[in-house]
Amino acid sequence: MSSNLLEMEGENMAQTGPKGVINDWRRFKLESMDHENLPPAKRELLRQMSRPEEKGTRKVSAQEYELLKEDDESGLKTYRKKIMVEMHEKLSFGPKFEGVHDLDSGDAFLEVIEKEHHSTVVVVHIYKVGVKGCEELNNCLDCLATEHPTVKFCRIDAVATGASERFSDELLPTLLVYKAGELIGNFLACTQHLNGEFFATDVEAFLNGYGLLPEKVLQGMDEENEVE
């Protein structure tokens, strides 16, 4: 990933750290609230607390702080989600996909590896009907494709690859993971790393253990809000 994609102009960059997040939140709240219906004293307090670097700004008393504390606690998570959404939109470049893609030939296999967007993680399941674990893994990938729309999940019958002799039943199911045309994960007989009965979350945890799946930023924020 190019570092230029992460650069922001200094004047637009949000502050970092706990204090910075709170100050940014107060600025956001001051800018977005209905000024006509806000008591002048409270509006002035917010202005002072959001710009502690201004010279001459008086210290806020404990009573004044309590006046704003409840509003901060109730709205800070919403503001944090807004910031996370903006960050996610800036960093989530590249295509999105729906469902698991079925590959019907070795040429289709090579094409999806070589021609996919360089930022896209491609997970290919090589399976064979009747081999233990293959059907279950296909079901798991159906779920993961919904959870990770920026990952391209594919599956192909070992016979359709044109190299079935390389994928004997003992080596199936196999998971191959590619990015920018490079093989970054090669898991033969991958169900041996899972429990006898496994689910999509187990496969996800297995791939995450190797750092192969992108973080689900927005989903994490949604779950946090549901706990409130």
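Q: Where is the place of E116?
A: E116 is in the loop between α4 and β2. Those element names come from DSSP runs (helices: H or I, at least four residues; strands: E, at least two), numbered from the N terminus. You are looking at a predicted model, with residues numbered from 1 along each chain as its sequence is written. Local features need pLDDT of at least 70, side-chain atom pairs count only at pLDDT 80 or more, totals for chains, interfaces and linings use all residues, and side-chain values use heavy atoms, without hydrogens and water.

Q: Does E116 count as buried or exposed?
A: Relative accessible area decides this (buried under 20%, exposed over 50%, partly exposed in between; 1.4 Å probe, protein chains only). E116 has 19% relative accessibility and therefore counts as buried. Across the protein, buried residues make up 36% of the 228 residues.

Q: What is E116 in contact with, beyond its neighbours within four places in sequence?
A: A contact means heavy atoms within 4.5 Å. With those neighbours left aside, E116 touches P95, F97, E111, V122 and K152. The side chains of E116 and K152 are also joined by a polar contact of 3.1 Å. For that term, look for N or O atoms within 3.5 Å (within protein, one able to donate a hydrogen and the other to accept it; residues adjacent in sequence count only if both atoms are side-chain atoms).

Q: How many helices and strands are there, and in what order do the elements run?
A: The protein has 7 helices and 5 strands. Starting at the N terminus, they run α-α-α-β-α-β-α-β-β-β-α-α. Of the contacts between residues at least 6 apart in sequence, 67% join residues at least 24 apart.

Q: Which residues have the most contacts inside the largest nonpolar core?
A: In soluble globular proteins, nonpolar side chains tend to be buried together. A nonpolar core is a set of buried Ala, Val, Leu, Ile, Met, Phe, Trp, Tyr and Cys residues joined through side-chain atoms within 4.5 Å. The largest one here has 22 residues, and V123, F153, L175, V177, F187, V203 and L207 have the most contacts inside it. At least two residues each come from β2 (121-127), α5 (134-147), β4 and α6 (200-208). Helix α5 gives the most, with 5 residues. A second, separate core has 18 residues, including F109, I126, I156 and L176.

Q: How do the axes of α5 and α6 cross?
A: Two packed helices are described by the angle between their axes and the distance between the axes. Here the axes of α5 and α6 come within 8 Å and cross at roughly 75°, which means that α5 is roughly perpendicular to α6. On the α5 side, L137, C140, C143 and L144 make the contact, and on the α6 side A200, V203 and E204 do.

Q: How many aromatic pairs does the structure hold?
A: It holds 4 aromatic pairs. Rings of Phe, Tyr and Trp (its six-membered ring) pair if their centres lie within 6.5 Å; planes under 30 degrees apart are stacked, over 60 edge-to-face, the rest tilted. F109 and Y178 are edge-to-face, at 6.4 Å centre to centre and 80° between the planes. F109 lies in helix α4 (residues 106-115) and Y178 in strand β4 (residues 174-179), so this pair ties together parts that are 69 residues apart in sequence. Both F109 and Y178 are buried. F206 and Y210 are another edge-to-face pair, at 5.4 Å and 70°.

Q: Where is T161 found?
A: T161 is in the loop between β3 (152-157) and β4. At 13% relative accessibility, T161 counts as buried. T161 and F109 are 52 residues apart in sequence and 7.3 Å apart in space, C-alpha to C-alpha. The side chain of T161 reaches the backbone oxygen of A158 at 2.5 Å and the backbone nitrogen of A163 at 3.1 Å.

Definitions and conventions
Axes fitted to C-alpha atoms, helices over the stretch in contact; angles between N-to-C directions. Parallel < 35°, antiparallel > 145°, perpendicular 65-115°, else oblique.
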